[in-house]
Amino acid sequence: MSRRLLPVSISAALMGGTVLADVPNVAADIAPVHSLVAMVMEGVGTPALVISPGASPHEHNLRPSEAAALQEADLVFWLGEDLTPWMEGAIETLASGATVTTLLETDGTILHDFRESTLFEAHEHGEEGDHDEHAEDRDHDGHDHEEHAEDDDHNHEEHAEHEGHDDHDNHGHGDHDPHAWLSPDNAETWLNLIAAQLSSADPDNAGAYFANAAAARAEMDALSAEVAGILEPVRGGSFIVFHDAYQYFEDAFDFPASGAISLSDASDPSPSRIAEIQGRIHEEGIDCVLAEPQFNQGIVNTVLDGTDAKTGVIDPLGSDLEPGKALYAQVIRNMANTLAECLN
Ligand SMILES: [Zn+2]
């Protein structure tokens, strides 16, 4: 809305009345969420994207333009602090008057637990050793979580040994794997929610928001069918991902990864973790190890060294894509195509 000089009485009438039905300013955290909001707002308005494509949401310094997007927002859609722990404070201070929707905390969202190990259990496991281990865990009075944290490779002492990696202390993770946008089922749930939130802020356009959401949900169904078709010929292929970001995709398409080089919070893997993954690649004859544009290719090369595994670059954020309503489907489709190529 342009600022015009108006007599005070008229200006007050415009602000408080129904004369101007302004479309709300909307901000979304990452490009795939922004894409879902853009689908719902099509023909009505355009949301702002807070985290620039190509940046890793796990660690990010808000640029002035990104802070401005939050500052101007009437509505904010974000995954939540499990993905971007640094963003909670920014939303509180910059978007204090906005209606904030935390997608990971909304009803109907499929959530997976944070995986504490980077070696994922094979589907057909069930050796006796597993049962013994579980029994032992139970003896520890339910303190499994703390114990895992202590045993974990990425403890504070190890971090301190890696100079210049102190920033990883900011990588707090909650109970859940935050990459929930990689499930098209979650996307469908959120499309409805986004339409509802926009409609309460802007009732005049409620019809358009809900019609757009319905059309987008139909596109999600078509996308899921298409992706299942892309993956079908390479089912049974084994792959390792750079960071544990694909649990929702793996589950949605019943296409499990064998492991990840780095945990779901994208913290740098310790030498022992890298050795562990190399061991698995050799033992299981892993077909494919996937890098990501946001992270260190050198680590992937180290892991690949001396193996026959193929490699490719998988991108859960769409860093090379134009932000907008088409991005979400393209992210999911590209992931499937990358996997199919690497496993072929
Ligand atoms: Zn991630």
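This is a short tour of a predicted model, stop by stop. Residues are numbered from 1 along each chain as its sequence is written. In this predicted model, local features need pLDDT of at least 70 and side-chain atom pairs count only at pLDDT 80 or more, while totals for chains, interfaces and linings use all residues. Helices (H or I, at least four residues) and strands (E, at least two) are DSSP runs, numbered from the N terminus.

**Stop 1: the sheet**

Select strands S5, S6, S7 and S8. They form an open sheet of four strands in the order S6-S5-S7-S8, with parallel pairing; two strands pair if DSSP finds at least two bridges between them. Strand S6 (259–262) and strand S8 (310–313) are at the edges with a single partner strand each, so one side of each has no neighbour in the sheet. On average, neighbouring strands of this sheet are turned by 25° against each other, direction ignored. Axes are lines fitted to C-alpha atoms, for helices over the stretch in contact, and angles run from 0 to 180 degrees between N-to-C directions.

Now go through the pairs. Strand S5 (residues 239–243) is parallel to S6 over three bridges, and Gly259 in S6 is the bridge partner of Ile240. S5 is joined to S7 by two bridges, again parallel; here Phe239 has Cys288 in S7 as its bridge partner. Four bridges link S7 and S8 in the parallel sense, with Val313 in S8 as the bridge partner of Ala291.

**Stop 2**

Contact means that the C-beta atoms of two residues, placed from the backbone, lie within 7 Å. H13 also packs on the sheet, touching S5, S7 and S8, and its direction makes about 165° with that of S8.

Which residues of S7 lie on each side? Cys288 and Leu290 are on one side, Val289 and Ala291 on the other, and all are buried. Buried means 20 or more other C-beta atoms within 10 Å of a residue's own, exposed 12 or fewer, and partly exposed in between, with C-beta atoms placed from the backbone.

**Stop 3: the core**

Select Val40 and Ile194. Of the 81 residues in the largest nonpolar core, these two touch the most other members. Such a core is a set of buried Ala, Val, Leu, Ile, Met, Phe, Trp, Tyr and Cys residues joined through C-beta atoms within 7 Å. Its largest share, nine residues, comes from helix H13 (residues 327–343). Leaving aside neighbours within four places in sequence, Ile194 is in contact with Leu36, Val37, Val40, Phe77 and Ala213.

**Stop 4: helix H2**

Show helix H2 (residues 31–41), where 11 of its 11 residues are buried. Among them are His34, Ser35 and Val40. The cover over its buried residues includes strand S1 (26–28), strand S2 (48–49), strand S3 (75–78), helix H8 (184–201), helix H9 (206–231) and H13. After H2 comes Gly43, with a positive phi near 80°.

**Stop 5: Asp202**

Finish in the loop between H8 and H9, where Asp202 is found. Is Asp202 buried or exposed? Asp202 is buried, with 21 other C-beta atoms within 10 Å. Not counting residues up to four places away in sequence, Asp202 touches Val23 and Pro24. Asp202 and Val23 are 179 residues apart in sequence, yet 6.5 Å apart in space, C-alpha to C-alpha.
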